[in-house]
Amino acid sequence: MRTAFTRKLLAWWARAARDLPWRKTRDPYRVLVSEFMLQQTQVSRVAEYYPRFLERFPDLETLARARPRAVREAWDGLGYYARASNLHALARVVSRDHDGTLPDEPEELIKLPGVGRYTAGAVATFAYEKPVPAVDTNVSRVLRRVFWRSNHAPRTTHRVLWNLAAALVPKSGKSAWKFNQAVMELGALICVARKPRCPECPVRPVCRTGKSRRTDAAGENRSSKNR
Ligand code: SF4
(Lines give C-alpha, C1' and ligand atoms only; values in the text may rest on other atoms or scores of the structure.)
Protein backbone atom coordinates (compact mmCIF):
# COMPACT_ATOMS: atom_id res chain seq x y z
CA MET A 1 0.00 0.00 0.00
CA ARG A 2 2.83 2.42 0.85
CA THR A 3 4.59 1.81 -2.46
CA ALA A 4 1.36 2.21 -4.41
CA PHE A 5 0.59 5.44 -2.54
CA THR A 6 3.98 6.92 -3.42
CA ARG A 7 3.80 5.80 -7.03
CA LYS A 8 0.33 7.27 -7.60
CA LEU A 9 1.21 10.45 -5.76
CA LEU A 10 4.37 11.09 -7.78
CA ALA A 11 2.60 10.36 -11.07
CA TRP A 12 -0.06 12.91 -10.17
CA TRP A 13 2.56 15.45 -9.08
CA ALA A 14 4.26 15.19 -12.47
CA ARG A 15 1.12 16.36 -14.23
CA ALA A 16 -0.63 18.57 -11.66
CA ALA A 17 1.96 20.47 -9.62
CA ARG A 18 1.58 24.22 -9.48
CA ASP A 19 4.40 26.31 -10.85
CA LEU A 20 5.44 28.21 -7.71
CA PRO A 21 8.58 30.36 -7.54
CA TRP A 22 10.08 28.66 -4.49
CA ARG A 23 9.89 25.31 -6.26
CA LYS A 24 12.27 26.53 -8.94
CA THR A 25 15.18 27.01 -6.57
CA ARG A 26 17.33 24.97 -4.22
CA ASP A 27 18.93 28.10 -2.77
CA PRO A 28 18.65 27.50 0.99
CA TYR A 29 18.03 31.16 1.81
CA ARG A 30 15.25 31.46 -0.76
CA VAL A 31 13.66 28.23 0.41
CA LEU A 32 13.88 29.43 4.00
CA VAL A 33 12.19 32.76 3.20
CA SER A 34 9.35 30.95 1.43
CA GLU A 35 8.85 28.60 4.38
CA PHE A 36 8.69 31.47 6.87
CA MET A 37 6.21 33.31 4.67
CA LEU A 38 4.05 30.24 4.09
CA GLN A 39 3.55 29.71 7.83
CA GLN A 40 -0.01 30.98 8.36
CA THR A 41 -0.29 32.71 4.97
CA GLN A 42 -1.93 31.62 1.74
CA VAL A 43 0.15 30.65 -1.25
CA SER A 44 -1.34 33.37 -3.50
CA ARG A 45 -0.40 36.09 -1.01
CA VAL A 46 3.10 34.73 -0.50
CA ALA A 47 3.60 34.57 -4.28
CA GLU A 48 2.98 38.32 -4.31
CA TYR A 49 5.35 39.25 -1.46
CA TYR A 50 8.12 36.72 -1.97
CA PRO A 51 9.79 38.28 -5.05
CA ARG A 52 9.61 41.77 -3.53
CA PHE A 53 11.23 40.65 -0.31
CA LEU A 54 13.99 38.87 -2.21
CA GLU A 55 14.59 41.91 -4.36
CA ARG A 56 15.20 43.95 -1.24
CA PHE A 57 17.13 41.23 0.65
CA PRO A 58 18.60 39.00 -2.07
CA ASP A 59 20.78 36.93 0.25
CA LEU A 60 21.22 36.01 3.87
CA GLU A 61 24.08 38.44 4.51
CA THR A 62 22.05 41.39 3.22
CA LEU A 63 19.20 40.42 5.51
CA ALA A 64 21.56 39.93 8.45
CA ARG A 65 22.92 43.48 8.00
CA ALA A 66 19.51 45.11 7.57
CA ARG A 67 17.86 47.30 10.18
CA PRO A 68 14.85 45.73 11.93
CA ARG A 69 12.66 48.52 10.63
CA ALA A 70 13.56 47.78 7.01
CA VAL A 71 12.74 44.09 7.48
CA ARG A 72 9.44 44.92 9.03
CA GLU A 73 8.60 47.29 6.18
CA ALA A 74 9.34 44.59 3.61
CA TRP A 75 7.09 42.20 5.53
CA ASP A 76 4.33 44.76 5.87
CA GLY A 77 1.01 43.31 4.74
CA LEU A 78 1.93 39.68 5.36
CA GLY A 79 1.05 39.85 9.06
CA TYR A 80 2.39 37.76 11.93
CA TYR A 81 5.45 39.98 12.25
CA ALA A 82 7.09 37.66 14.73
CA ARG A 83 8.05 35.61 11.66
CA ALA A 84 9.93 38.57 10.19
CA SER A 85 11.86 39.26 13.37
CA ASN A 86 12.65 35.55 13.78
CA LEU A 87 13.86 35.37 10.18
CA HIS A 88 16.01 38.43 10.76
CA ALA A 89 17.43 36.98 14.00
CA LEU A 90 18.09 33.69 12.21
CA ALA A 91 20.03 35.46 9.44
CA ARG A 92 22.20 37.14 12.05
CA VAL A 93 22.89 33.89 13.89
CA VAL A 94 23.76 32.03 10.68
CA SER A 95 25.97 34.90 9.53
CA ARG A 96 27.78 34.97 12.87
CA ASP A 97 27.98 31.28 13.78
CA HIS A 98 27.77 29.36 10.48
CA ASP A 99 29.76 31.55 8.06
CA GLY A 100 26.52 32.59 6.39
CA THR A 101 25.60 29.04 5.33
CA LEU A 102 22.38 27.49 6.52
CA PRO A 103 22.88 24.05 8.10
CA ASP A 104 21.55 21.15 6.04
CA GLU A 105 20.46 18.81 8.85
CA PRO A 106 17.08 19.18 10.60
CA GLU A 107 18.77 18.66 13.98
CA GLU A 108 20.87 21.78 13.40
CA LEU A 109 18.21 23.85 11.66
CA ILE A 110 15.77 23.40 14.52
CA LYS A 111 18.16 25.23 16.87
CA LEU A 112 17.73 28.45 14.87
CA PRO A 113 15.25 31.21 15.78
CA GLY A 114 11.70 30.61 14.54
CA VAL A 115 12.44 27.12 13.19
CA GLY A 116 10.21 24.31 14.37
CA ARG A 117 10.27 20.67 13.43
CA TYR A 118 8.31 21.18 10.21
CA THR A 119 10.42 24.10 8.94
CA ALA A 120 13.64 22.25 9.77
CA GLY A 121 12.49 19.26 7.70
CA ALA A 122 11.18 21.47 4.89
CA VAL A 123 14.44 23.40 4.50
CA ALA A 124 16.50 20.22 4.68
CA THR A 125 14.47 18.49 1.98
CA PHE A 126 13.50 21.43 -0.26
CA ALA A 127 16.90 23.12 -0.26
CA TYR A 128 19.30 20.23 0.28
CA GLU A 129 17.17 17.34 -1.01
CA LYS A 130 17.61 15.41 2.21
CA PRO A 131 15.40 12.32 2.51
CA VAL A 132 13.69 13.56 5.66
CA PRO A 133 10.01 14.12 6.46
CA ALA A 134 8.28 17.50 6.72
CA VAL A 135 4.84 17.13 8.27
CA ASP A 136 2.65 20.23 8.21
CA THR A 137 -1.13 20.43 8.59
CA ASN A 138 -1.76 19.36 4.98
CA VAL A 139 0.58 16.39 5.16
CA SER A 140 -0.80 15.32 8.50
CA ARG A 141 -4.36 15.37 7.15
CA VAL A 142 -3.47 13.40 4.01
CA LEU A 143 -1.59 10.71 5.94
CA ARG A 144 -4.33 10.34 8.51
CA ARG A 145 -6.96 9.93 5.84
CA VAL A 146 -4.96 7.59 3.61
CA PHE A 147 -3.58 5.27 6.27
CA TRP A 148 -6.41 5.34 8.77
CA ARG A 149 -10.08 5.93 8.25
CA SER A 150 -9.93 9.50 9.50
CA ASN A 151 -12.90 9.26 11.85
CA HIS A 152 -11.41 6.06 13.28
CA ALA A 153 -8.09 7.68 14.14
CA PRO A 154 -8.85 11.06 15.62
CA ARG A 155 -6.00 10.76 18.08
CA THR A 156 -3.20 9.60 15.83
CA THR A 157 -0.22 11.20 17.48
CA HIS A 158 2.34 13.48 15.90
CA ARG A 159 4.98 10.92 16.67
CA VAL A 160 3.14 8.21 14.73
CA LEU A 161 2.60 10.54 11.76
CA TRP A 162 6.23 11.68 11.69
CA ASN A 163 7.41 8.09 11.86
CA LEU A 164 5.11 7.12 9.02
CA ALA A 165 6.24 10.11 6.94
CA ALA A 166 9.88 9.20 7.59
CA ALA A 167 9.23 5.65 6.38
CA LEU A 168 7.45 6.90 3.24
CA VAL A 169 10.02 9.46 2.08
CA PRO A 170 12.06 7.97 -0.77
CA LYS A 171 15.74 7.59 0.00
CA SER A 172 17.00 9.35 -3.11
CA GLY A 173 17.21 13.12 -2.66
CA LYS A 174 15.38 14.22 -5.80
CA SER A 175 12.53 11.79 -5.17
CA ALA A 176 12.39 12.87 -1.52
CA TRP A 177 12.03 16.50 -2.65
CA LYS A 178 9.21 15.54 -5.02
CA PHE A 179 7.48 13.30 -2.51
CA ASN A 180 7.39 15.96 0.20
CA GLN A 181 6.18 18.61 -2.23
CA ALA A 182 3.58 16.23 -3.64
CA VAL A 183 1.97 15.25 -0.32
CA MET A 184 1.64 18.93 0.58
CA GLU A 185 0.21 19.70 -2.84
CA LEU A 186 -2.33 16.91 -2.54
CA GLY A 187 -3.43 18.31 0.82
CA ALA A 188 -3.65 21.82 -0.63
CA LEU A 189 -5.51 20.98 -3.86
CA ILE A 190 -7.42 17.70 -3.46
CA CYS A 191 -7.47 16.35 0.09
CA VAL A 192 -8.60 19.68 1.47
CA ALA A 193 -9.80 20.08 5.03
CA ARG A 194 -13.55 20.49 4.66
CA LYS A 195 -14.65 18.63 1.55
CA PRO A 196 -11.96 16.32 0.23
CA ARG A 197 -12.31 15.83 -3.51
CA CYS A 198 -12.15 12.04 -3.38
CA PRO A 199 -13.71 11.31 -6.80
CA GLU A 200 -10.82 13.05 -8.55
CA CYS A 201 -8.09 12.01 -6.12
CA PRO A 202 -5.15 10.10 -7.60
CA VAL A 203 -4.53 8.06 -4.45
CA ARG A 204 -8.12 7.09 -3.80
CA PRO A 205 -7.61 3.42 -4.73
CA VAL A 206 -5.20 3.09 -1.80
CA CYS A 207 -6.89 5.51 0.62
CA ARG A 208 -8.78 4.01 3.55
CA THR A 209 -10.93 7.10 3.98
CA GLY A 210 -11.55 7.57 0.26
CA LYS A 211 -12.59 3.94 -0.17
CA SER A 212 -14.86 4.04 2.86
CA ARG A 213 -16.53 7.19 1.58
CA ARG A 214 -17.33 5.37 -1.66
CA THR A 215 -18.72 2.41 0.31
CA ASP A 216 -20.74 4.69 2.55
CA ALA A 217 -22.13 6.51 -0.48
CA ALA A 218 -23.10 3.18 -2.09
CA GLY A 219 -24.75 2.15 1.17
CA GLU A 220 -26.68 5.39 1.30
CA ASN A 221 -27.82 4.87 -2.30
CA ARG A 222 -28.91 1.32 -1.56
CA SER A 223 -30.88 2.33 1.51
CA SER A 224 -32.55 5.23 -0.24
CA LYS A 225 -33.63 2.86 -3.06
CA ASN A 226 -35.00 0.45 -0.49
CA ARG A 227 -37.23 3.05 1.02
S1 SF4 B 1 -9.28 9.76 -1.50
FE2 SF4 B 1 -10.21 11.47 -0.44
S3 SF4 B 1 -9.63 11.27 1.70
FE4 SF4 B 1 -8.24 9.98 0.48
S5 SF4 B 1 -6.45 11.24 0.08
FE6 SF4 B 1 -7.83 11.46 -1.64
S7 SF4 B 1 -9.09 13.25 -1.19
FE8 SF4 B 1 -8.10 12.59 0.72
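How many Å separate the centres of domain 1 and domain 2, taken over C-alpha atoms? The answer is 29 Å. This is a predicted model, where local features need pLDDT of at least 70 and side-chain atom pairs count only at pLDDT 80 or more, while totals for chains, interfaces and linings use all residues. Residues are numbered from 1 along each chain as its sequence is written.

The domain bounds come from an automatic or database domain assignment:

| Domain | Residues |
|---|---|
| domain 1 | 1–18 + 131–227 |
| domain 2 | 27–128 |

Where they touch, domain 1 puts in eight residues and domain 2 seven, with contact meaning C-beta atoms, placed from the backbone, within 7 Å. On the domain 1 side you get six nonpolar, one polar and one charged. Here Ala, Val, Leu, Ile, Met, Phe, Trp, Tyr, Cys and Pro count as nonpolar, Asp, Glu, Lys and Arg as charged, and the others, Gly among them, as polar.

Next, a helix pair. The axes of α1 (residues 2–16) and α11 (residues 173–189) come within 9 Å and cross at roughly 80°. Axes are lines fitted to C-alpha atoms over the stretch in contact, with angles from 0 to 180 degrees between N-to-C directions. That makes α1 roughly perpendicular to α11, a label for 65 to 115 degrees. Helices are DSSP runs (H or I, at least four residues), numbered from the N terminus. Thr6, Leu9, Leu10 and Trp13 of α1 meet α11 residues including Phe179 and Leu186.

Finally, the ligand: of the 14 residues around it, Cys191, Cys198, Cys201, Cys207 and Gly210 come nearest, where near means a C-beta atom, placed from the backbone, within 6 Å.

Notes. Helices (H or I, at least four residues) and strands (E, at least two) are DSSP runs, numbered from the N terminus. Angles under 35 degrees count as roughly parallel, over 145 as roughly antiparallel, 65 to 115 as roughly perpendicular and the rest as oblique. Two residues are in contact if their C-beta atoms, placed from the backbone, lie within 7 Å.
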